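Visitor: I've got the sequence and the model open. Can you walk me through it?

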Amino acid sequence: MALKAFYTDHYVLPLPPGHRFPMEKYSQLRDLVSQLVGLELVEAPAVSDTQILYAHDPSYLIKILSGNLSPKEQQEIGFPWSELMVERSRRSAGATLAAAKVALNEGLAANLAGGTHHAYRDKGSGFCVFNDSAIAARALQKEINPHLKVAIIDLDVHQGNGTAAILENDSSIFTLSIHGENNFPFTKERSDLDVGLPDKTGDAAYLATLHQSLEILDTRFKPHCIIFLAGADPHEGDRLGKLSLTQEGMRQRDKAVFQYGLDRQIPIAFSMAGGYGREIQSTVDIHFQTIQTALQFEQQYG
């Protein structure tokens, strides 16, 4: 069975020259993964208004759809408003939800974008408009099984503050965030399990923390499904990362999460989340490595 990877990169935001968001990484990643044997690229569907409202306030959705965001609100998101921004954000969330639904049947599936974990219930932030992980988790419960327990394992270098805030009082969804303590967002929210790491943590300490955190997850919560944010930004080549993981350390990180799921036969939908390499190629390479690692596990699910 092929690993399904949902893409949205043909919806490109019109950004001003010199903007620091690496929009081109998505098309570069799709070009690379298109050559992999055992992978099937699928165009991402858009989430509906109803699905967005599983995680967001109606007043915020109306502002996004109508383009009535104040300059300050647009600045906090980090993107100027455009119809393409709205469509891309819908499809980025749609890709995570579609991957989660496929994973329930096939074990693993990917979103080649996503991981928009800074979006709050009533506002966007940090290049995130809609919170794809929260929308997907809630949609699985509303549309597939109301008793489904979902774990969100967020290994982006930045805390999943929006996700934590949206799901803070929801005992059916477990939020785990391992992030840089001295990194954005500087005011942290409370996940079910937060681990803030010091700068220059390195591979050994990071991987030990990850294994320990997965054990805590296993003790406290038995998920039926996992949404995994495989951010590339803990890598030593990242401008914003600071955690100093090597490329091999990043591979071991991904392997640990996929092995955790495989050992327990828990389906995993994973997204690429952040990556701001000094060289964009280093970010693309980390994302590509995540897909390659997933392919090695895909055949073992079943």
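This is a predicted model: local features need pLDDT of at least 70, side-chain atom pairs count only at pLDDT 80 or more; totals for chains, interfaces and linings use all residues.

Visitor: Which way do strand 5 and strand 6 pair, and over how many bridges?
Guide: Strand 5 (residues 173–180) and strand 6 pair in the parallel sense, over five bridges. Two strands pair if DSSP finds at least two bridges between them. Strands (E, at least two residues) and helices (H or I, at least four) are DSSP runs, numbered from the N terminus. Residues are numbered from 1 along each chain as its sequence is written, and side-chain values use heavy atoms, with hydrogens and water left out.

Visitor: Which residue of strand 6 stands opposite L176?
Guide: L193 of strand 6 stands opposite L176.

Visitor: And how does strand 4 pair with strand 5?
Guide: In the parallel sense, over five bridges; strand 4 covers residues 150–154. V150 has I173 of strand 5 as its bridge partner.

Visitor: Is strand 5 covered or open?
Guide: Mostly covered: eight of its eight residues are buried. Buried means under 20% relative accessible area, exposed over 50%, partly exposed in between (1.4 Å probe, protein chains only).

Visitor: Zoom out. What's the strand order in the sheet?
Guide: The order is 2-1-3-8-7-4-5-6. Eight strands form this open sheet, and the pairing is parallel. Strand 2 (39–43) and strand 6 (193–197) stand at the edges. Each has a single partner strand, so one side of each is left without a neighbour in the sheet. The twist averages 15° from one strand to the next.

Visitor: Which strands does helix 5 touch?
Guide: Helix 5 (residues 83–106) packs on the sheet and touches strand 1 (3–7), strand 2, strand 3 (108–111), strand 7 (225–229) and strand 8 (268–271). Contact means heavy atoms within 4.5 Å. The direction of helix 5 makes about 175° with that of strand 3. Axes are lines fitted to C-alpha atoms, for helices over the stretch in contact, and angles run from 0 to 180 degrees between N-to-C directions.

Visitor: New topic. At what angle do helix 1 and helix 10 cross?
Guide: Roughly 45°, with the axes of helix 1 (residues 25–33) and helix 10 (residues 280–298) coming within 10 Å. The two helices are therefore oblique to each other. For the cut-offs, under 35 degrees counts as roughly parallel, over 145 as roughly antiparallel, 65 to 115 as roughly perpendicular and the rest as oblique.

Visitor: Which residues make the contact?
Guide: Helix 1 brings K25, Q28, L29, L32 and V33. Helix 10 brings I280, Q281, T283, V284, H287, F288 and I291.

Visitor: What does K255 touch?
Guide: T293 and F297, not counting residues up to four places away in sequence. K255 and T293 are 38 residues apart in sequence and 6.6 Å apart in space, C-alpha to C-alpha. K255 sits in helix 9 (residues 247–264). It is partly exposed, with a relative accessible area of 32%.

Visitor: What is phi of F127?
Guide: Near 65°, a positive value in a residue other than glycine. F127 lies in the loop between strand 3 and helix 6 (132–143). F127 is buried, with a relative accessible area of 13%.

Visitor: And phi of K242?
Guide: Near 75°, again positive in a residue other than glycine. K242 is in the loop between strand 7 and helix 9. K242 is partly exposed, at 39% relative accessible area.
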